[in-house]
Amino acid sequence: MVRQLRSGDVFGRGPAVTSPTTRATTSRNATADRMVQSVCPYCAVGCGQRIFVKDEKVIGIEGDPDSPISRGRLCPKGAASEQLVNAPGRQTKVLYRPPGARDWQPLDPDTAMDMIADRFLASRRRTWQDTDSQGRVLRRTMGIASLGGATLDNEENYLIKKLFTAAGAIQIENQARI
Ligand code: SF4
């Protein structure tokens, strides 16, 4: 009561009931070297994010009040997107499980890219349709499809759409549209 009267916090909701521990607590993001504005990668809403960086590592992500889309808010998934970068379980190496194998094995990225390209080209060749049964022009393949994720950005989606369309694929989708 004395503290409430002395501090002017008559309802006991402010400094009169704030512990020294709470007063000494600061946001982890307040220790950042810099802040970078970005967009949440998880869904098509595109909420604005403030990404806090310290020693060149992401230490926290908050909603960006400057965003006209989200005005500082993030849903629980977007608020946890720091884990997209820092989660200890995050896979950062290419893993491959050969046909019939029980275990995954590491693969260097160049070999993995060559294997993907070989399979892509082989599927395209094997399933290419020049015309339909009545001789109408198709020039397509139904043997290749693309399903993008919402963590892809505009530029990546643009290039994926170009690549797959040029290759004759017509089944091109994105998780954010499903
Ligand atoms: S914060 Fe939530 S609603 Fe906003 S873009 Fe990210 S996932 Fe979508």
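Helix α5 lies across strands β6 and β7, and its direction makes an angle of about 145° with β7. Axes here are lines fitted to C-alpha atoms, for helices over the stretch in contact, and angles run from 0 to 180 degrees between N-to-C directions. Helices (H or I, at least four residues) and strands (E, at least two) are DSSP runs, numbered from the N terminus.

Before going further, a word on the model: it is predicted, with local features needing pLDDT of at least 70 and side-chain atom pairs counting only at pLDDT 80 or more, while totals for chains, interfaces and linings use all residues. Residues are numbered from 1 along each chain as its sequence is written, and side-chain values use heavy atoms, leaving out hydrogens and water.

Let us stay with α5 for a moment. Covering residues 109-127, this helix has 19 residues and reaches 27 Å from its first C-alpha to its last, close to the 27 Å expected at 1.5 Å a residue; the expected span is 1.5 Å times one less than the number of residues. Ala112, Met115 and Ser123 of α5 are buried, where buried means under 20% relative accessible area, exposed over 50% and partly exposed in between (1.4 Å probe, protein chains only). Seen down the axis of α5, the buried residues fall within an arc of 65°, so they line one face of the helix; the arc is that of the directions from the helix axis to the C-beta atoms. These buried residues pack against β4 (95-96) and β7 (137-148), with contact meaning heavy atoms within 4.5 Å. On the other side of α5, Asp110, Met113, Asp118 and Arg125 are exposed.

Now for the sheet. Three strands form an open, mixed sheet in the order β6-β7-β8, where two strands pair if DSSP finds at least two bridges between them. β6 (128-131) and β8 (169-174) stand at the edges with a single partner strand each, so one side of each has no neighbour in the sheet. From one strand to the next, the twist averages 25°. β7 and β8 run parallel and are joined by five bridges; Gly148 has Asn174 in β8 as its bridge partner. Helix α6 (residues 154-166) lies across β7 and β8, running at about 160° to β8.

Within strand β7 sits Arg139, which has a positive phi of about 45° although it is not a glycine. Arg139 counts as exposed, at 56% relative accessibility. Asp55, in the loop between β2 (48-54) and β3 (57-63), has a phi near 50°, a positive value in a residue other than glycine. With 61% relative accessibility, Asp55 counts as exposed.
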